[in-house]
Amino acid sequence: GLPGAAAIACMQVSIILVDDMLDEDPRGEHHRLGVGKTANLAFALQAAAFRVLERAPVEPARRAEAAASLARMALTTARGQHMDVENQGDEASYWQVVRTKSTPFYACALELGGLLGGAAPEVAQGLYRAGLLVGEIVQLHDDLFDAFGTPATPDWSRPRNNLLLLYASTVDHPERQAFLDLLPRVGDAEALERAQRILIRCGAVSYCAYHLVQRHRAVSEILGGLCLADPTPMEDFLARQSEPVVTLLREAGAESTANLDMDRKA
């Protein structure tokens, strides 16, 4: 599995480099290296991902399937990055971007693990489906942390690419106009805190938590139906994912939404 892990690592760094440039993230590596060098490095890392995957000591057919999965992920993610830049603005567009930009990486990572680990085709496909949901979970986590980060994160300048900010900006609630008035001023700490409090009161946090719970349960159901040699790593991963979110919500004062009971079936 090491060549697969190395390929995924190369792809991840490549995606981060490009994403930071497109988002004009002040923390991006392009500020140190320059845009040209950073773009070339991102290209090189994608090529390196395929080169290292060639070294996987598995039968040629599995290696070819793994390479095809990696190629699909790279192409779909590029489309998602383009859609993200367009910033179309409604919830349907938000989920379309998530499912092209964020989920293919995780689906590919889990599918590669299955393919290189000798899993049966139906198990590898099940891991792919689980990975799509894991990608949505990770994106929702990012949205939560970006919405409540201090100082204001780049998401506040593109609110329609963050589910919480999109909700507060577009759903009809009593404080919608107040939230819209605060958006241009979140560089000020007091204005940011006021806007973040509105996220809790208007239901944006609850809405995000609802989607998180639904996806955690769906992943658990998929994994429960697969004959994994050892399901513990995936179970531990899902448990670790929920802990920081619960802590964040409690610190933000949203105790009523912080009980993400992922195992409850009701």
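Me: Which residue forms a salt bridge with E59, and how far apart are the closest N and O atoms?

Reply: In this predicted model, E59 pairs with R62, and their closest N and O atoms are 3.1 Å apart.

Me: Is R62 called buried or exposed, and why?

Reply: R62 has 15% relative accessibility, so it counts as buried, the limit being under 20%.

Me: Why is E59 called partly exposed?

Reply: E59 has 44% relative accessibility. Partly exposed covers the range between the buried limit of 20% and the exposed limit of 50%, so E59 belongs there.

Me: How do you know that E136 and R215 form a salt bridge?

Reply: Their closest N and O atoms are 2.3 Å apart, and the rule asks for within 4 Å. The two residues link distant parts of the chain: E136 lies in helix α6 and R215 in helix α10 (residues 204-224), 79 residues apart.

Me: Are E136 and R215 buried or exposed?

Reply: E136 is buried, because its relative accessible area is 7%. R215 is buried too, with 10%.

Me: What makes R158 and D23 a salt bridge, and where do they sit?

Reply: Their side chains meet at 2.4 Å, N to O, against a cut-off of 4 Å. R158 is in the loop between α6 (121-148) and α7 (163-170), while D23 is in helix α1 (residues 2-23), 135 residues apart. R158 counts as buried because its relative accessibility is 15%.

Me: Which residues are linked with R158 and D23 in a network of salt bridges?

Reply: The network also takes in D19, D84 and K101. Across the chain, the count comes to twelve salt bridges.

Me: How many helices and strands does the chain have?

Reply: There are eleven helices and zero strands.

Me: Why is the chain called as compact as a globular protein of that length?

Reply: Its radius of gyration is 20 Å, close to the 18 Å that the globule rule gives for 266 residues, so the description applies. Buried residues make up 48% of those 266.

How values were computed. Residues are numbered from 1 along each chain as its sequence is written. This is a predicted model: local features need pLDDT of at least 70, side-chain atom pairs count only at pLDDT 80 or more; totals for chains, interfaces and linings use all residues. Side-chain values use heavy atoms; hydrogens and water are left out. Helices (H or I, at least four residues) and strands (E, at least two) are DSSP runs, numbered from the N terminus. The radius of gyration is taken over C-alpha atoms; the globule rule is 2.2 Å times the number of residues to the power 0.38. Buried means under 20% relative accessible area, exposed over 50%, partly exposed in between (1.4 Å probe, protein chains only).
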